[in-house]
Amino acid sequence: MAGPDTEGGPAGLVWRLPVVGLRAFWTPIVLSLGVLVIVLAVWASGDTVLALAVTAALIRAVMVIGLYIFIGNSGVLAFGHATFMMVGAYGVAWLTLRPFNKSFALQLPEFLAAHQYPLLPSAIAAALLAAIVAFVVGIPIMRLSGIAAAIATLAVLGMFKTFYSNWSEWTLGAATMPGIPIYVDMWIALAWVVVALFVAYIYQRSKYGLALRASREDEFAARAAGINIPRQRLIAFVLSAFFMGIGGVLEAHYLGTIAVKNFWLTITFILLAMLIVGGQRSLSGAIVGVVVISTLIEILNSLEAGMNVGVAVLSVPIGAQELTIAGLMIIILVFRPDGIMGGREVPWPFGKAGRIVRDPGAVESEHDPLRRGLAQRDSAP
C-alpha cells in the first residue's frame with residue numbers, strides 16, 4: 001500500500017492519508033466540548049431557570065442532529081419527523097409508567113400493563129420502535145424525490161397524529177398523559193447529544209453516508225456509479241428516526257407529561273428552522289443553529305412576559321417568537337442559503353486535513369463508473 005504523500009492506486013492518484021485519532025474525529029470532539037462548556041457554565045451559575053432552558057435546548061439538539069442525518073446527507077426535505085418523536089415518547093411512556101397509572105387510564109396488554117421497565121432499556125426500545133416505523137413507512141417514500149418526498153413525510157405525520165389522537169385506549173386520545181418518571185437533566189441530555197454527534201459523524205464518513213451525499217450532489221451520476229439511492233436514503237431515514245425517537249423519550253422524561261398536540265407543526269417548524277439557520281449540510285451547522293435559535297427563543301420568551309429595563313418594562317406582542325424566527329429563516333435563505341456555517345465543519349487547526357488529490361499527469365481511467373456516468377449525461381441530447 002502506498003504511504004502518505006506517495007503515488008499509488010489506479011489512475012495515478014496521490015493518496016494523502018488522514019491521521020487516525022484526534023484529527024479523524026475533530027468535528028464531534030470540538031462540538032461536544034463546546035456544548036460541555038455551556039453546560040458547565042450554567043451549572044456553575046446555579047440558575048435553575050437557565051438550567052431548564054439549556055436542558056430543553058440540548059433535547060432539541062438531539063432532534064436536530066436526527067434531522068441532519070437524513071436531510072443533511074440526502075438533500076431531501078422532510079416535514080414529518082415529529083412522527084418519530086411521538087412514537088418514541090408514547091413508547092417509553094408505555095414501558096416506564098407505574099402499573100397503577102396504566103391500569104387506571106390505559107388498556108394495555110399484560111406485558112406492558114403489569115410491569116415498569118428500567119429507564120435506559122426502555123429509552124432504547126422506544127427509539128427502536130420509532131426506527132421500525134420509519135423503516136415501514138420509508139420503503140415507499142424513499143423512492144420519491146424533491147417536494148413529493150417532503151409532502152409524503154408530512155402526510156405520514158398527519159396520519160399518525162390522527163391515529164394517536166383517536167387511539168384513546170393506548171394514548172388517552174387528545175388528553176394529556178401524566179405520571180411519566182422525570183429524570184432528564186442537563187447531564188443526561190448532554191450525554192445523548194454527544195452520542196448523537198459521534199454517531200452522525202461516523203455515519204457521514206462511512207461508505208453509506210458518502211454514497212448518500214454523492215446522490216445529493218448528482219443523482220444521475222450516483223445511479224450511474226451503481227448507488228442504490230432508495231436504499232441509502234432508507235438507511236439514513238431509519239437512523240434519523242432513531243434519534244428523533246430518543247428526542248421524544250427525553251422530552252417525555254423531562255416534562256413528565258406528553259400530549260399528541262405537542263408533536264405537530266410547531267415543533268416541526270422550530271427544528272427545521274434550527275437546521276436551516278445553522279446550515280443543513282454540516283453537523284457543525286446543526287449545533288450552531290440550535291444555539292442561535294434557542295438563545296433567540298429564550299430572549300423572546302422573556303420579552304413576551306415583560307423584561308424589566310431600569311424603571312421601564314420592555315415587552316413584545318404574543319407571537320413575536322414565531323414571526324422573528326420566520327424572518328430570520330427568510331434572511332438566511334435569501335443571503336446565505338447554506339446557513340451560518342455554509343456547509344463547513346469545524347476545521348482542523350494544525351495543518352491540512354487528509355484528502356485525495358489527482359496527479360495532473362495521470363491518465364484518466366476509462367473504467368471509472370462515476371466518470372462514465374457523467375460522460376453519458378453530458379453527451380445525452
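## Close-up views of a predicted model

**View 1. Ser 32 is a buried residue, with 11% relative accessibility.** Here "buried" means under 20% relative accessible area, "exposed" means over 50%, and "partly exposed" is what falls in between (1.4 Å probe, protein chains only). You're looking at a predicted model, where local features need pLDDT of at least 70, side-chain atom pairs count only at pLDDT 80 or more, and totals for chains, interfaces and linings use all residues. Residues are numbered from 1 along each chain as its sequence is written, and side-chain values use heavy atoms, with hydrogens and water left out. Ser 32 sits in helix α1; helices (H or I, at least four residues) are DSSP runs, numbered from the N terminus. Setting aside neighbours within four places in sequence, Ser 32 is in contact (heavy atoms within 4.5 Å) with Val 194, Leu 197 and Phe 198.

**View 2. The largest pocket has a volume of about 740 Å³.** The biggest contributor is α2, with 10 residues. In total 36 residues line the pocket, and Ala 53, Ala 56, Ala 57, Arg 60 and Ser 294 lie nearest its centre. The lining splits into 27 nonpolar, 5 polar and 4 charged residues. How is a pocket found? On a 1 Å grid over the protein atoms alone, a pocket is an open set of points with protein on both sides within 12 Å along at least five of seven lines, while a cavity is a set where a 1.4 Å probe fits but cannot get out; lining residues have an atom within 4 Å of a point. Points are joined across faces, edges and corners, and the volume is the space filled by probe spheres set on them.

**View 3. The largest cavity holds about 50 Å³ of space.** The count comes to 1 cavity of 30 Å³ or more. Among the lining residues are Leu 67, His 81, Met 244, Thr 268 and Leu 271. Helix α13 (residues 265-278) gives the most to this lining, with 4 residues. By type, the lining has 7 nonpolar residues, 2 polar and no charged.

**View 4. Leu 271 belongs to the largest nonpolar core, which has 101 residues.** Such a core is a set of buried Ala, Val, Leu, Ile, Met, Phe, Trp, Tyr and Cys residues joined through side-chain atoms within 4.5 Å. Phe 84, Tyr 90, Ile 258 and Leu 271 touch the most other members. Helix α2 (residues 48-74) supplies the largest share of this core, 14 residues. Beyond four places in sequence, Leu 271 is in contact with residues including Arg 60, Met 63 and Met 85.

**View 5. Phe 100 and Phe 104 make a stacked aromatic pair, one of 16 aromatic pairs in the whole structure.** Rings of Phe, Tyr and Trp (its six-membered ring) pair if their centres lie within 6.5 Å; planes under 30 degrees apart count as stacked, over 60 as edge-to-face, and the rest as tilted. This pair is 6.3 Å centre to centre, with 20° between the planes. The two are about one helical turn apart, because they lie 4 residues apart in helix α4 (residues 99-105). Phe 100 is exposed at 59%, and Phe 104 is exposed at 69%.

How values were computed:
Nonpolar A, V, L, I, M, F, W, Y, C, P; charged D, E, K, R; others polar.
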